[in-house]
Amino acid sequence: MRARSDVLELAILGQLQDSPLHGYELRKRLNATLGLVRALSYGSLYPALKNLTAAGHIEAIDTADLPHALAGKRTRIVYQLTAEGKERLASTLGSAGPDSWEDEHFDVRFSLFDAVGPEVRLRILEGRRMRMLERREGMRQHMQAGRERRDAWTLELQRHGLEQIDREVHWLEDLITHERRNTTDSQQTTSPANPTSPTHPAATPSDTTKE
């Protein structure tokens, strides 16, 4: 359960990095962008907000005190990152360990790729590909062993699962190719007199969805 809580808390920090948000708006954005929290309820969101507040990573403020568009006649509570929260987010996004390759972690980290450098993106994509290749090989061995004892529907379900893994592997390989090319181009063209930001891959979360 703690691992899932960590994923949700990272997703919240990522959504708050640009501006403060009401709980309702935060939940809506999480549901819209992250498959893992597509059915996110307030019963899950508010305990996570409470934990982040207690840890000093976010703070709840009254909209009446905000000199921007969130302020209005109707007072509401919004959440924003603290300095400690920004440091925590930057530290987490700057890492690329094995946790970032796993299913729920990967989805959140991928949704926040805009906030990290190309080297980190590349390590996470390569790690995810390695994990999926391992999973594909394990599934193939499992399908082969005792194949004659399985009914046609079970075999079809396994075949469908294998096809899904194959599609994700191809998707990852395309992204890795783009990222490597962009990183190489950036290294060749960037200089103190002519800074150039690496471009993003043509495939984005909005138009390239894992099936």
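**Fold, nonpolar core and aromatic cluster of the predicted model**

Across the chain the pLDDT averages 83, with 77% of the residues scoring at least 70. Confidence is lowest in helix 1, where the mean is 86, and highest in helix 4, where the mean is 96. Over residues 194–198, by contrast, pLDDT stays under 50, and the model has 8 contacts for this stretch beyond four places in sequence.

Of the 211 residues in the chain, 37% are buried. Among contacts between residues at least 6 apart in sequence, 57% join residues that are at least 24 apart. In soluble globular proteins, nonpolar side chains tend to be buried together. In the present model, the largest nonpolar core comprises 39 residues, and those with the most contacts inside it are Ile12, Leu16, Leu26, Leu30, Ile58 and Leu125. At least two residues of this core are supplied by each of helix 1 (2–15), helix 2 (23–33), helix 3 (42–54), strand 3 (77–81), helix 4 (83–93), helix 5, helix 6 (118–144) and helix 7. When residues up to four places away in sequence are left out, Ile12 touches Leu26, Leu30, Leu45, Ala48, Leu49 and Leu52.

An α-helix has 3.6 residues a turn, so residues three or four places apart point the same way. His22 is placed in strand 1 (residues 21–22). With a relative accessibility of 12%, His22 counts as buried, because the cut-off for burial is under 20% relative accessible area. The side chain of His22 reaches the backbone oxygen of Ile77 at a distance of 3.5 Å.

Aromatic side chains were considered next. A pair of aromatic rings is described by the distance of the centres and the angle of the planes. The model contains 4 aromatic pairs. In one of them, the rings of Phe106 and Phe110 have their centres 5.7 Å apart and their planes at 40°, so the pair is tilted, given that angles under 30 degrees count as stacked and those over 60 as edge-to-face. Phe106 and Phe110 are 4 residues apart in helix 5 (residues 103–111), and they are therefore separated by about one helical turn. Phe106 is buried, with a relative accessible area of 0%, and Phe110, at 12% relative accessibility, also counts as buried.

Phe106 takes part in a further pair, with Trp171, in which the ring centres lie 6.4 Å apart and the planes stand at 90°, so that the arrangement is edge-to-face. Because Phe106 lies in helix 5 and Trp171 in helix 7 (residues 152–189), this pair ties together parts that are 65 residues apart in sequence. Both Phe106 and Trp171 are buried. Together with Phe110 and Phe113, Phe106 and Trp171 form one aromatic cluster.

Notes
Residues are numbered from 1 along each chain as its sequence is written. This is a predicted model: local features need pLDDT of at least 70, side-chain atom pairs count only at pLDDT 80 or more; totals for chains, interfaces and linings use all residues. Side-chain values use heavy atoms; hydrogens and water are left out. Rings of Phe, Tyr and Trp (its six-membered ring) pair if their centres lie within 6.5 Å; planes under 30 degrees apart count as stacked, over 60 as edge-to-face and the rest as tilted. Buried means under 20% relative accessible area, exposed over 50%, partly exposed in between (1.4 Å probe, protein chains only). A nonpolar core is a set of buried Ala, Val, Leu, Ile, Met, Phe, Trp, Tyr and Cys residues joined through side-chain atoms within 4.5 Å. Contact means heavy atoms within 4.5 Å. A polar contact is a pair of N or O atoms within 3.5 Å; within protein, one must be able to donate a hydrogen and the other to accept it, and residues adjacent in sequence count only if both atoms are side-chain atoms. pLDDT is the predictor's confidence in each residue, from 0 to 100.
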